[in-house]
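Me: I'd like to go through this one slowly and learn how to read each feature as we meet it. Can you start me off?

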Amino acid sequence: MATVSQNATPRSSVPGNEAPLLSVRNVAKSFGKNPVLRDISLEIAEGEFLTILGESGSGKTTLLRIIAGFENATSGEIWMEGQRLDNQPPYRRRVNTVFQHYALFPHLTVQENVGYGLRVAKVPKDEIATRVEQALAMVKMAAFAASKPAKISGGQQQRIALARALVNRPRLLLLDEPLSALDANLRRQMQVELKSLQREVGISFVFVTHDQEEAMVMSDRIALLRTGELEQIASPREIYSRPATAYAAQFIGHTNLLRGDVRSGVARCHSLDWPVNSPDGPVLFSLRPENIRIVDVAVGSSGVNVVRFRGHIRQRAFHGSTELLQIECEDGLKLSVRTATRDKWQGDLELEFTPEDAVPVRESAERI
Amino acid sequence: MFSRAYRAAVTVPPLTWVAVFLLLPYLLLFCYSFWSVSSAQVIVHSWTLDNYRELLRVNVYLQTLFRSMGIAARVTVFSLLLGYPLAYYLSFHAGPRKDLLYQLVIIPLWVSYLVRAYAWKTILGSDGVLNTLLQYVHLTQHPLDFLLYSPFAVVLTLTHIYTPFAFLPIYASLEHVPRNLVEASQDLGASPLQTFWRVIFPLSIPGVLAGATFAFVLSLGDFLAPLLLGGPSGIMISNIVVSLFGAAYNWPLGAAISLCMMLLVLALLFLTESLEKKWSFR
């Protein structure tokens, strides 16, 4: 039987019951008359890897800068461990940032860069030396301790920026698109390293990116921002399989949006219909291409509660292990279907999907 | 690519200019410094080191040179002390007023040097604005005579004139300090003062060196301010050179002093340039 979850609200709470490390409460920000963030509320748990995902102009970097203290929110509050954070200057916040272009001090050596935070905090010299050494070892850069930043590569600077932030043992680490300047291979490698490093040190990470794949790979939860508003905040799995809005469904992964009409527990879209749990009225459904199966007529259907229809291939796009087929159904409905490349489908096909996989999503208001 | 005639047309005039108006005078100066003047006031074209011996033997030359360097050093220090905070404020805290303030700093450069020097004369003189004011508010009974015709007046005037020259390179170097480094410093827990001393100031050192060089070299060779406001105690080395080439009619000695000054300044320029290189990271 089809069970359709209620749309997850954007303010879903942190998993577990312990008090959150950081809570952002109704934060809004405008530059002049131009609103950049509207009423953002979210919480970050101890040890969590939260990604703020959004296109450029979504306000994700502004949100990060407000948490770090480089921008003041126009309204709203930020709390960390029971204390107001937003009225503290950046240098009093137990938050460290890895900047987009690393922002290493060019006049200091690698080890002086890493030890900077400890030195300004007047930590004893020998303790600085050991902690800097450990931090450099952690990012595998011990051999470059005496180099100036200009002498090392982008990926290496990236590691130093990370060590420089982590050596201070912050409660929260903010990362502003730290991988965007790296080439694709190094980027994938750093994603894995960063994730395992975060597990190792147990510090909460807030990671800003515009890359949905990166967000999926690394995060415990993703906060999806769109033109200054929170679309959805949930785990990668949840946000992928239960997108709250049409925008979330399209931005994260590939999807088919089906505009249907619900009448007494039955959704109807073109000539297809299936049972749903929604109240009557027009409903938008997201149906992932991989959730549409092509039925091998020789084997037969995989179940009883399925929606069955016929269509033929209009276009195909090869993606390596999978292939994305553009199917046109008999009634003119066009759908994307993902199949394994080794199944060589041709011509007219019989297709099916399970009703639970058609997820009702909120219509995203069209904004510019 | 270009024809011979074209290349000659664009290279010969500037080279001629440099040869006639720069190299030739230097060569003449060099030669003069090894010639001498006879008792009949005729320049004798025979080679001698007498001028250099004279320079070392007569105390007044070295004394005046040292005094000039002292004055130039003070002008440098005061120009930096005035120019640096101004440049820092403009670059980091002036916000939308930045362009206007920048113009206000530059405007005095459009006013003739002579006018500015005379202005100080009317301010510092015994009947001047400052003395009249001091007596009017009964801070003093008599005009203060150390205000004008003193090294003080020279340092004050030169500082006023050369502060924009110190300001400009400092401002340029501060404008080049990446703002994300300032944020990174604060992010790592450095207070604004720590951020200034550990990040902003070290990165502005090339500008400070360039500004200091301008202020020092320009004021070391200055002769108008000491002439107009220096009095006997504020004489500088250039005044001596001027009088040697003029009334005293001892061009060889004047040339020897000039050459020494030029070597001094050249040495200074090389020194600051190598220091600037050491402190630049781009």
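Me: How many of the residues in chain A are buried?

Reply: A residue is called buried if 20 or more other C-beta atoms, placed from the backbone, lie within 10 Å of its own. By that count, buried residues make up 40% of the 368 residues in chain A. Keep in mind that this is a predicted model: local features need pLDDT of at least 70, side-chain atom pairs count only at pLDDT 80 or more, and totals for chains, interfaces and linings use all residues. Residues are numbered from 1 along each chain as its sequence is written, with chains lettered from A and ligands numbered from 1 in the order in which they are written.

Me: Which domains is chain A divided into?

Reply: Domain bounds come from an automatic or database domain assignment. Here that gives domain 1 (22-249) and domain 2 (254-361) of chain A, with C-alpha centres 39 Å apart. Two residues are in contact if their C-beta atoms, placed from the backbone, lie within 7 Å. On that basis, 6 residues of domain 1 of chain A touch 6 residues of domain 2 of chain A.

Me: And where does chain A touch chain B, element by element?

Reply: The contact takes 18 residues from chain A and 15 from chain B. On the chain A side, β6 (95-98) and α2 (110-120) are the elements that give two or more residues, and α2(A) gives the most, with 3. For the classes, Ala, Val, Leu, Ile, Met, Phe, Trp, Tyr, Cys and Pro count as nonpolar, Asp, Glu, Lys and Arg as charged, and the others, Gly among them, as polar. That side of chain A has 12 nonpolar, 6 polar and no charged residues.

Me: In chain B, at what angle do helices α2 and α12 cross?

Reply: Axes are lines fitted to C-alpha atoms, for helices over the stretch in contact, and angles run from 0 to 180 degrees between N-to-C directions. The axes of α2 (residues 50-57) and α12 (residues 251-278) of chain B come within 9 Å and cross at roughly 70 degrees. Angles of 65 to 115 degrees count as roughly perpendicular, so α2(B) and α12(B) are roughly perpendicular to each other. Tyr52(B) and Leu55(B) are among the α2(B) residues in the contact, and α12(B) brings residues including Leu253(B) and Ile257(B).

Definitions and conventions
A residue is buried if 20 or more other C-beta atoms lie within 10 Å of its own, exposed if 12 or fewer, and partly exposed in between; C-beta atoms are placed from the backbone. Helices (H or I, at least four residues) and strands (E, at least two) are DSSP runs, numbered from the N terminus. Angles under 35 degrees count as roughly parallel, over 145 as roughly antiparallel, 65 to 115 as roughly perpendicular and the rest as oblique.
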